[in-house]
Structure formats: C-alpha cells, structure tokens
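Biologist: I've got a structure open and I'd like to learn how to read it. Could you walk me through it, one feature at a time?

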Amino acid sequence: MMMRQEGNSPKELEELQKTVLFGEIKALHPLDLNGYYSALREKSFATSYGMEWKGLQAVRLENSGAESGAVITRSTHVLGLIVRPPEKMERRYEGVKRDMPPPAGSISVVPAGSSVLSRWQGSREWLFIYLEPSLVTRVAAESFEFDPSRTVVPPLDGLNVPELRSAMLAVDAELRGGGVGGPLMAESLANVLAVHLIRHTTGARRLPASADGVLPRRKLRTVIEYIMENLEDSPTLDQMAAVVHLSPYHFARQFKASTGLPPHQYVIARRVERAQHLLRADGEIGLAEVALRIGFPDQSHFSFHFKRIVGVTPRQFRISARKA
C-alpha cells in the first residue's frame with residue numbers, strides 16, 4: 001500500500017490530528033506534509049504538534065494488530081527508536097531490507113526523500129523524531145566544517161548507539177512531560193541529535209584542521225559591517241557569505257579562523273554587546289523590547305544567550321549598571 005499526501009493546509013493537518021487523538025489514526029505524522037497512512041487503533045499517542053518546536057518534531061505511538069503502510073518523507077530525516085518490537089516485521093527503504101523485528105532500543109535512520117514500506121504483526125511501540133535537514137546541514141558546516149553539499153545522513157537500520165539513543169529519550173521525556181521552556185529545550189536537543197548523528201555516520205570526532213586560512217582584512221571588515229547593520233534582521237550564513245563572494249562552506253571556515261567564532265555565534269555575541277549598551281543607556285526599556293531590537297525572536301532566547309555570555313541575566317546586569 002503506497003499513499004501520498006500533497007499540499008495539506010494547516011486546517012487539514014489540524015483535522016488529521018483530531019482524528020488521531022480520537023483513536024483512528026489517519027496520519028501518523030501530521031506535522032510533515034507527506035504523511036503515514038494506516039487503519040489501526042491507537043492505545044496511546046503523543047505528538048509535538050502545536051508545541052512550537054523548531055528543528056525537530058516527535059511522535060510516540062503504541063499500536064496492535066497487523067498492518068502495512070508507507071511513509072513518504074520528502075522534507076525531514078526520520079529517526080525511529082523502537083521501544084517494544086512487534087512479533088513480526090518487514091521494512092524496506094533505500095536499500096535497507098529487514099525481515100524480522102529489530103531489538104528493543106535499536107534505531108533506524110531514514111533520510112529525507114525516502115519511501116518506506118512496513119509490514120508488522122502484533123503490538124509495537126515506537127518513538128519517531130523528524131529532524132530538519134537544514135539543521136543537520138548547518139551543524140555539519142559550522143561544527144564539523146563539512147561542505148554543506150556533502151551527504152551526511154545515509155539510510156541506516158538496527159543501530160545501537162547509546163549517545164544517540166539517550167538524546168532521543170530526552171526528546172521523548174520532553175514530549176510527554178515537558179513544561180516551560182519546551183521549545184528552547186527541543187531546539188537544543190535537535191542540535192545534540194544532529195551532532196551525534198553526524199559523528200556516527202561520518203566517524204568525525206573533532207574538527208579537521210582548517211586549510212582555508214583567514215578572511216582578508218578588507219573582507220572581514222566588510223562582513224562585520226554588514227552583520228552590525230543587520231543584527232535585527234537575523235543575517236543568514238548564505239547572506240554573509242554572499243557579501244564577500246564566497247561559498248557558505250568556505251566563508252564559515254575562514255570567518256571562524258579570523259574571529260575564533262562560527263558566524264552564528266559571532267552574531268549572537270554582537271547582539272549581546274548591543275543589548276548591554278541598551279540596558280545601560282535606557283533604564284526603562286523592557287527586556288522584550290530589547291530582545292526584538294537586537295534580533296532575538298523572543299525574551300527567552302535573549303535571556304538565555306545573555307546569561308551564557310555575560311554570566312548574569314539581563315535584569316541582574318541592569319541592576320548592577322544602575323549601581324555603578
């Protein structure tokens with residue numbers, strides 16, 4: 001059985017989610033526009049739909065019976081952790097062929113763009129995590145200095161990688177019992193998952209030595225001026241690289257060699273610097289307003305990075321500035 005879902009509207013996805021919660025699963029992954037269709041009854045279901053997570057989404061399900069289905073994942077990588085395997089199982093995707101259930105705790109990786117055909121019998125329990133390819137590419141370029149065009153997520157099956165499993169279980173815990181700060185936690189876990197995934201699939205354990213040298217002084221000055229003029233607009237890696245006529249890959253390497261920081265961390269550091277000036281100059285401006293003026297999406301992100309870099313919260317910094 002192979003089904004496809006094209007161009008769902010947010011309203012349609014919401015209706016699919018309501019159907020799931022009432023028991024008849026129509027789309028196992030309503031967050032992805034592609035979908036996983038079957039006709040089984042769910043005993044339990046948890047989803048990050050509506051939780052404002054970025055970088056990843058997650059679904060946990062438990063079901064019983066015999067069923068066959070297919071998942072089309074054109075937009076996300078899928079990491080599957082089997083909590084309880086079924087009695088019988090077959091899976092086919094991108095050269096992976098499985099004719100028996102994997103052991104509990106094993107992990108499968110389905111790259112974006114893959115089609116999966118599954119057949120199983122008996123009850124099973126799975127955790128599915130949908131990881132954004134753009135996030136994996138960014139982590140590969142900025143933390144491992146890989147060429148963004150390089151493929152780092154191959155199809156994998158039956159993995160026993162404790163570090164990756166622990167990160168997936170942390171996502172599961174946040175999915176089922178998370179509280180305030182959930183989106184930030186999910187964003188952090190998405191980066192952790194990407195790092196562990198890249199480490200396992202490439203064997204990388206540390207950054208390779210840079211062979212690109214540093215940015216010429218003129219180009220460095222040009223890109224720094226661009227960053228400072230566009231802090232509130234969240235300049236992207238592509239935009240910064242274009243200013244100095246380099247590929248994002250080579251720009252990121254040369255920029256880090258020149259400044260000691262990856263481009264996105266440099267941008268964050270400059271935002272925090274600007275926030276310090278604002279907090280000293282205006283004792284009445286609200287923290288949410290400061291966050292917006294310097295380019296953070298919200299006060300939570302602003303406060304997190306401010307304390308990480310300065311060592312105190314924005315509120316504590318303002319109090320100290322008044323006493324000085």
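Biologist: What is phi like at His245?

Modeller: Positive, about 60°, although His245 is not a glycine. Glu52 is another case, with a positive phi near 60°, and Glu145, which follows α2, also has a positive phi near 60°.

Biologist: Is His245 buried or exposed?

Modeller: You judge that from the relative accessible area, and over 50% counts as exposed. His245 comes out at 69%, so it is exposed. Glu52, in the loop between β1 and β2, has 65% and is exposed as well.

Biologist: And Glu94, where is that?

Modeller: In the loop between β5 (88–93) and β6 (96–98). Glu94 has a relative accessible area of 48%, so it is called partly exposed. Leaving aside neighbours within four places in sequence, Glu94 touches Gly113, Ser114, Ser115 and Pro155. Its C-alpha atom is 8.7 Å from that of Pro111, which is 17 residues away along the chain.

Biologist: Before I go on, how do I know which parts to trust?

Modeller: Look at the pLDDT. Where it is low, the predicted coordinates should not be read in detail. Here the chain has a mean pLDDT of 79, with 79% of the residues at 70 or more. Over residues 1–43, pLDDT stays under 50, and the model has 105 contacts beyond four places in sequence for that stretch. Residues 207–211 are also below 50, with ten contacts beyond near neighbours in sequence.

Biologist: Which strands pair with β9?

Modeller: Strand β2 (residues 56–63) is joined to β9 by eight bridges, running antiparallel. Strand β4 (residues 77–84) also pairs with β9 in the antiparallel sense, over seven bridges.

Biologist: What does Ile129 touch?

Modeller: Apart from neighbours within four places in sequence, its contacts include Leu56, Ala58, Val78, Leu79, Met168, Val171 and Leu193. That brings us to the largest nonpolar core, which has 34 residues. Ile129 is among those that touch the most other members, along with Leu79, Leu131, Met168 and Leu193. Elements giving two or more residues to this core include β2, β4, β9, α2 (133–143) and α3 (162–177). Helix α4 has the largest share, seven residues.

Biologist: What do the buried residues of α2 pack against?

Modeller: They pack against β4, β9, α4, α6 (237–243) and α8 (263–281). The buried residues in α2 are Leu135, Val136, Val139, Ala140, Ala141 and Glu142.

Biologist: How many aromatic pairs are there?

Modeller: The count comes to six. For each pair, check the ring centres and the angle between the planes. Trp126 and Phe128 have centres 5.3 Å apart and planes at 5°, so they are stacked. Both sit in β9, on one side of the strand. Trp126 is buried, with a relative accessible area of 2%, and Phe128 is buried at 6%.

Biologist: Are the rings of Phe251 and Phe255 stacked or tilted?

Modeller: Tilted, because their planes are at 45°, with the centres 5.4 Å apart. These two are four residues apart in helix α7 (residues 248–259), so about one helical turn separates them. Phe251 and Phe255 are both buried.

Note on methods:
Residues are numbered from 1 along each chain as its sequence is written. This is a predicted model: local features need pLDDT of at least 70, side-chain atom pairs count only at pLDDT 80 or more; totals for chains, interfaces and linings use all residues. Side-chain values use heavy atoms; hydrogens and water are left out. pLDDT is the predictor's confidence in each residue, from 0 to 100. Contact means heavy atoms within 4.5 Å. Rings of Phe, Tyr and Trp (its six-membered ring) pair if their centres lie within 6.5 Å; planes under 30 degrees apart count as stacked, over 60 as edge-to-face and the rest as tilted. Buried means under 20% relative accessible area, exposed over 50%, partly exposed in between (1.4 Å probe, protein chains only). Two strands pair if DSSP finds at least two bridges between them. A nonpolar core is a set of buried Ala, Val, Leu, Ile, Met, Phe, Trp, Tyr and Cys residues joined through side-chain atoms within 4.5 Å.
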